[in-house]
Amino acid sequence: MGGIAKIALASLCMSFLVLTGCSTAPPEQTVTSGVTSIPLDVSKAKGSKRAVIQAEILGTSLTFLFDTGSVGLSIFSTSAPEELASATGTSFQDSFADGVQVSGVIVPASITVAGKTTGAPIDIGIIQSVSCVEETPDCDAATGMNPSRKQ
């Protein structure tokens, strides 16, 4: 898993989706030859194992899904620090292969992973609503996935 951790730092701007209700120990920083390793934990969600990392946004520690198939960083408004949860910004909408569709606003914030903070704020998607795309009316959102409650 060491190779994956190195890829994680090199791909810091890759995708993460927040997993709420998942708790792991804070990450430890390891520096070797100028490379920071990011500890990846394994979480079981819906019966499958998923790689997760710990990060901090505006002093709030969060657990993120390390998702190499998506773009950007998105978190549910209920998990976001208050300053971000109530912020306004450019609207976004995205859908996924399982039929889940999310929408919200894009706001800038700095993020800290493995003791390293972004040099400037990055765009973060604050998910305000979750629904199903028309073609998949029975997706997970139809059974209660909702940012108005913690998952």
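This dialogue goes through selected features of a predicted model.

Reader: What percentage of the residues of the protein chain count as buried?

Author: Buried means under 20% relative accessible area, exposed over 50%, and partly exposed in between, with a 1.4 Å probe and protein chains only. Of the 151 residues in the protein chain, 38% are buried. Accessible areas come from the Shrake-Rupley method with a 1.4 Å probe, and for residues only the protein chains shown count as cover. The protein chain exposes about 8,200 Å², of which carbon and sulfur atoms supply 52%.

Reader: What share of the contacts with a separation of 6 or more comes from residues 24 or more positions apart?

Author: A contact means heavy atoms within 4.5 Å. Among contacts in the protein chain with a separation of 6 or more, 56% are between residues 24 or more positions apart.

Reader: Which residues have the most contacts inside the largest nonpolar core?

Author: A nonpolar core is a set of buried Ala, Val, Leu, Ile, Met, Phe, Trp, Tyr and Cys residues joined through side-chain atoms within 4.5 Å. The largest one here has 21 residues, and I57, F64, I75, L84, V113, I124 and I126 have the most contacts inside it. Two or more residues of this core come from each of strand 5 (48–57), strand 6, strand 7 (73–76), strand 9 (100–109), strand 10 (111–113) and strand 12 (122–132). Another core, of eight residues, lies apart from it and includes F92, V100, C139 and A141.

Reader: Where is the disulfide, and which hand does the link have?

Author: A disulfide is a pair of cysteine sulfur atoms within 2.5 Å. A search of the whole structure finds one. C132 and C139 form it, with their sulfur atoms 2.1 Å apart. The link of C132 and C139 is left-handed, with -95° about the S-S bond. C139 has a relative accessible area of 4%, so this residue is buried.

Reader: How many bridges join strand 5 to strand 6?

Author: Two strands pair if DSSP finds at least two bridges between them. Strand 5 and strand 6 run antiparallel and are joined by six bridges. V52 stands opposite L65 in strand 6. F66 also belongs to strand 6 (residues 60–71), and its relative accessibility is 12%, so F66 counts as buried. The C-alpha atoms of F66 and A51 are 5.5 Å apart, although the two residues are 15 positions apart along the chain.

Reader: Which residues other than glycine have a positive phi near 50°?

Author: L58 and A114 are two such residues. L58 lies in the loop between strand 5 and strand 6, a hairpin with two residues between the strands. At 45% relative accessibility, L58 is partly exposed. A114 lies in the loop between strand 10 and strand 11 (116–117), and at 3% relative accessibility A114 is buried.

Terms used:
Residues are numbered from 1 along each chain as its sequence is written. This is a predicted model: local features need pLDDT of at least 70, side-chain atom pairs count only at pLDDT 80 or more; totals for chains, interfaces and linings use all residues. Side-chain values use heavy atoms; hydrogens and water are left out. Helices (H or I, at least four residues) and strands (E, at least two) are DSSP runs, numbered from the N terminus.
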